[in-house]
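Q: I have a model open on my screen and would like to learn how to read it. Could you walk me through it?

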Amino acid sequence: MNKKAKKIHSNNGWILCLKRKKRKRKGRKEGEGRRKEGLSYFAMKLKWKEHYDMGLEPFDNDHKQLFKIADRIIETVEGPNGMDEKTRLFVVREGVKYLKNYFIEHAAREEAYMRQIGYSEYELHKRLHDEFQYVHLARFEQIIERGVC
């Protein structure tokens with residue numbers, strides 16, 4: 001992957017890369033007659049896999065819904081779908097807000113359940129939740145707030 005690419009990923013299979021391309025006409029001095037910076041997007045389709053199932057329907061349904069939300073965001077990032085850039089950025093921004101809120105509610109329920117049953121891997125799973133929320137989702141938000149999408 002190009003060194004200029006920005007990569008966002010998580011241990012659960014999420015990958016979204018935003019690659020910036022700086023375009024400059026040949027024969028022009030730096031800053032003179034430059035084209036607007038363009039973006040091309042590369043994203044991996046999120047796919048639910050049976051081995052992600054926990055065997056607990058409410059949490060499995062949450063996980064599937066999180067995948068669906070993320071997949072819709074990625075589809076919006078990948079192609080305009082008849083939307084202008086401003087509308088697309090708005091849709092992605094709102095989608096990420098919805099994903100974040102849904103994830104926070106899900107993580108709180110799942111973590112409470114894990115504590116209740118004395119789940120031995122609770123600390124590890126809590127760290128994965130925290131990493132996703134405070135690193136990966138925060139990174140999405142930073143990119144969007146810069147107007148890059």
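Here we go through the chain step by step, from its overall layout to single residues.

A: A word on the ground rules comes before the tour. This is a predicted model, in which local features need pLDDT of at least 70, side-chain atom pairs count only at pLDDT 80 or more, and totals for chains, interfaces and linings use all residues. Residues are numbered from 1 along each chain as its sequence is written, and side-chain values use heavy atoms, leaving out hydrogens and water.

Q: Which pattern does the chain follow along the sequence?

A: Helices (H or I, at least four residues) and strands (E, at least two) are DSSP runs, numbered from the N terminus. The chain here has three helices and three strands, and they come in the pattern β-β-β-α-α-α.

Q: How should I read aromatic pairs?

A: Rings of Phe, Tyr and Trp (its six-membered ring) pair if their centres lie within 6.5 Å; planes under 30 degrees apart count as stacked, over 60 as edge-to-face and the rest as tilted. The whole structure holds six such pairs. In one of them, Trp-48 and Tyr-52 have ring centres 5.2 Å apart and planes at 70 degrees, so the pair is edge-to-face. Trp-48 and Phe-67 also form an edge-to-face pair, at 5.3 Å centre to centre and 90 degrees between the planes. Trp-48 lies in the loop between β3 (38-43) and α1, and Phe-67 in helix α1, so this pair ties together parts that are 19 residues apart in sequence. Ring pairs link Trp-48, Tyr-52 and Phe-67 into a cluster.

Q: Is Phe-67 buried or exposed?

A: Buried means under 20% relative accessible area, exposed over 50%, and partly exposed in between (1.4 Å probe, protein chains only). Phe-67, at 10%, counts as buried, while Tyr-52 is partly exposed at 23%. Buried residues make up 34% of the 149 residues in the chain.

Q: What does Thr-76 touch?

A: Contact means heavy atoms within 4.5 Å. Thr-76 lies in helix α1 (residues 57-78) and is buried, at 9% relative accessibility. Not counting residues up to four places away in sequence, Thr-76 touches Asn-81, Met-83, Arg-88, Val-91 and Val-92.
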